[in-house]
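Let's walk through this model together, one neighbourhood at a time. Have the sequence and the 3D view open as you read.

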Amino acid sequence: MAKPITQWIKMVSTADTGYFYVKKKNPRNITEKMTMRKYDPKARKHVEFRESKMK
């Protein structure tokens, strides 16, 4: 059986609250690190989230 191409990545908040989202990423289409603005409930505002490795 073939392995899936998509990888799970962790999107960590840049507000240093420790909050994170878990997303899927296809590394063939998106080669650079992902960034997105999402809501951080600990900071209670929208902040930028950056990609980091899952452990």
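**A walk along strand β4**

R50 is found in strand β4; helices (H or I, at least four residues) and strands (E, at least two) are DSSP runs, numbered from the N terminus. Before we go on, please keep in mind that this is a predicted model, where local features need pLDDT of at least 70, side-chain atom pairs count only at pLDDT 80 or more, and totals for chains, interfaces and linings use all residues. Residues are numbered from 1 along each chain as its sequence is written, and side-chain values use heavy atoms, with hydrogens and water left out.

Let's stay with R50 for a moment. At 46% relative accessibility, R50 counts as partly exposed, a label for values between buried (under 20% relative accessible area) and exposed (over 50%), using a 1.4 Å probe and protein chains only. Leaving aside residues up to four places away in sequence, R50 touches K10, M11, V12, T14, M34 and T35, where contact means heavy atoms within 4.5 Å. For a sense of scale, R50 and N29 are 21 residues apart in sequence and 17 Å apart in space, C-alpha to C-alpha.

R50 also has a charged partner: its side chain and that of E48 meet in a salt bridge, at 3.1 Å from N to O. A salt bridge here is a side-chain nitrogen of Lys or Arg within 4 Å of a carboxyl oxygen of Asp or Glu. E48 is partly exposed too, with a relative accessible area of 30%.

By this rule the model has two salt bridges. The side chains of E51 and K25 meet in a salt bridge, again with 3.1 Å from N to O.

Now look at how β4 is held alongside its partner. Six bridges join strand β3 (residues 35-40) to strand β4 (residues 45-52), and the two run antiparallel; strands pair if DSSP finds at least two bridges between them. The bridge partner of D40 is K45 in β4. Four residues lie between the strands of this hairpin, and R44 takes a positive phi near 60 degrees there.

Next come the aromatic rings. A pair of aromatic rings is described by the distance of the centres and the angle of the planes. Rings of Phe, Tyr and Trp (its six-membered ring) pair if their centres lie within 6.5 Å; planes under 30 degrees apart count as stacked, over 60 as edge-to-face and the rest as tilted. The count by this rule is two aromatic pairs. The rings of Y19 and Y21 have centres 5.5 Å apart and planes at 90 degrees, so this pair is edge-to-face. Y21 and F49 also form an edge-to-face pair, with 5.1 Å from centre to centre and 65 degrees between the planes. The pair links distant parts of the chain: Y21 belongs to strand β2 (residues 20-25) and F49 to strand β4, 28 residues apart.

Together, Y19, Y21 and F49 form one aromatic cluster. How accessible is F49, buried or exposed? At 0% relative accessibility, F49 counts as buried, whereas Y19 is partly exposed at 26% and Y21 is partly exposed at 23%.

Finally, look for charges over rings, which means NZ of Lys or CZ of Arg within 6 Å of the ring centre and within 35 degrees of the ring normal. The charged end of K38 sits over the ring of Y21, 4.9 Å from its centre. K10 lies over the face of F20, at 4.6 Å from the ring centre.
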